[in-house]
Amino acid sequence: DPDPKTRRAQLDQLQHHADKAVYSETIKMLKSGAAVPARGRLPLVDLAIPALRSLSAPQYAAFRRNVKVLVEADRSIDLFEWTLQRILLRHLESHFTKAAPPRIAYYALNRLASECEVVLSMLAYVGHKKTDDAARAVEVAAVHLNLPKLTLLPTERCSLGELDNALEKLDLVAPRLKRQVLSSCVACVTADHEVTDREVELLRAVCDALGCPM
């Protein structure tokens, strides 16, 4: 966190609850880590995931707990923190818990129209400053779902908690429908012919939440 007080609390957490080597390496990398441009963050995460799979079960439990505490240190979760948690848990949790993939529960999207609306509205707000442009992006995306009645939700209905709930349900749809959902997300992001780093990060999180490559 850029705020000195919050960062101190984060480092205290690591000092007391992480391996000593992890803490010392984190201190060494703070300056270089802060210099990484936004578009370089997810590639770094991807490079780290294979090594993280070699953790022991107790080490992973400590790592998972520390990530959660660091993310929640300022009592709010921003979009990148949420994305980072989503990606890490999707790629590591199943590896360490050996959990079976979710069973398909939906073979049509019409029963999940509200969930699709949440995901597309979140993407639209992230990528478009003007409400009219965001609404137009949702309209374009809705065509790919054959759900033309979808509209942009008000901002108060577009929280990360709502997004979590929507993605958990959409993860239960048949694979061909997941591809359809992702196509609509791409259409939403590219509706203005411009793709920002934040849109890429959120799109990547949606892909990982649905267990599909980006």
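**Entry 1: helix H7**

How far apart are the end C-alpha atoms of helix H7 (residues 131-143), and what should its 13 residues span at 1.5 Å a residue? I looked this up in a predicted model, in which local features need pLDDT of at least 70, side-chain atom pairs count only at pLDDT 80 or more, and totals for chains, interfaces and linings use all residues. Residues are numbered from 1 along each chain as its sequence is written, and side-chain values use heavy atoms, with hydrogens and water left out.

I find the end C-alpha atoms of H7 19 Å apart, in agreement with the 18 Å that its 13 residues should span. The expected span is 1.5 Å times one less than the number of residues. Helices (H or I, at least four residues) and strands (E, at least two) are DSSP runs, numbered from the N terminus.

I then checked burial along H7. Ala 134, Ala 137, Val 138, Ala 141 and Ala 142 are buried. They lie on the same side of H7, because they cover an arc of only 135° around the axis; the arc is that of the directions from the helix axis to the C-beta atoms. An α-helix has 3.6 residues a turn, so residues three or four places apart point the same way. On the other side of H7, I note Asp 132, Glu 139 and Val 143 as exposed. Buried means under 20% relative accessible area, exposed over 50%, and partly exposed in between (1.4 Å probe, protein chains only). Helix H6 (113-127) and helix H9 (175-189) are included in what covers the buried residues of H7.

**Entry 2: the whole chain**

I count 10 helices and 0 strands in the protein chain. Its radius of gyration is 18 Å, close to the 17 Å that the globule rule gives for 214 residues, so the chain is as compact as a globular protein of that length. The radius is taken over C-alpha atoms, and the rule is 2.2 Å times the number of residues to the power 0.38. Along the principal axes, the C-alpha atoms fill a box of roughly 55 × 40 × 25 Å. Of the 214 residues, 39% are buried.

I also looked at contacts (heavy atoms within 4.5 Å). Among those with a separation of 6 or more, 78% join residues 24 or more positions apart.

**Entry 3: nonpolar cores**

Which residues touch the most other members of the largest nonpolar core? Among its 45 residues, I find these to be Leu 109, Val 119, Leu 163, Leu 170 and Leu 202. A nonpolar core is a set of buried Ala, Val, Leu, Ile, Met, Phe, Trp, Tyr and Cys residues joined through side-chain atoms within 4.5 Å. H6 gives the most to this core, with 8 residues. Apart from it lies another core, of 11 residues, among them Val 71, Ile 87, Leu 88 and Leu 92.

Leaving aside neighbours within four places in sequence, I find Leu 163 in contact with Trp 82, Val 118, Val 119, Met 122 and Leu 202.

**Entry 4: two partly exposed residues**

I located Ala 105 in the loop between H5 and H6. Its relative accessibility is 41%, so Ala 105 counts as partly exposed. The C-alpha atoms of Ala 105 and Ala 174 are separated by 7.7 Å, although the two are 69 residues apart along the chain.

Lys 169 is found in helix H8 and, at 37% relative accessibility, counts as partly exposed. Leaving aside neighbours within four places in sequence, I list Tyr 106, Leu 112 and Glu 115 as contacts of Lys 169.
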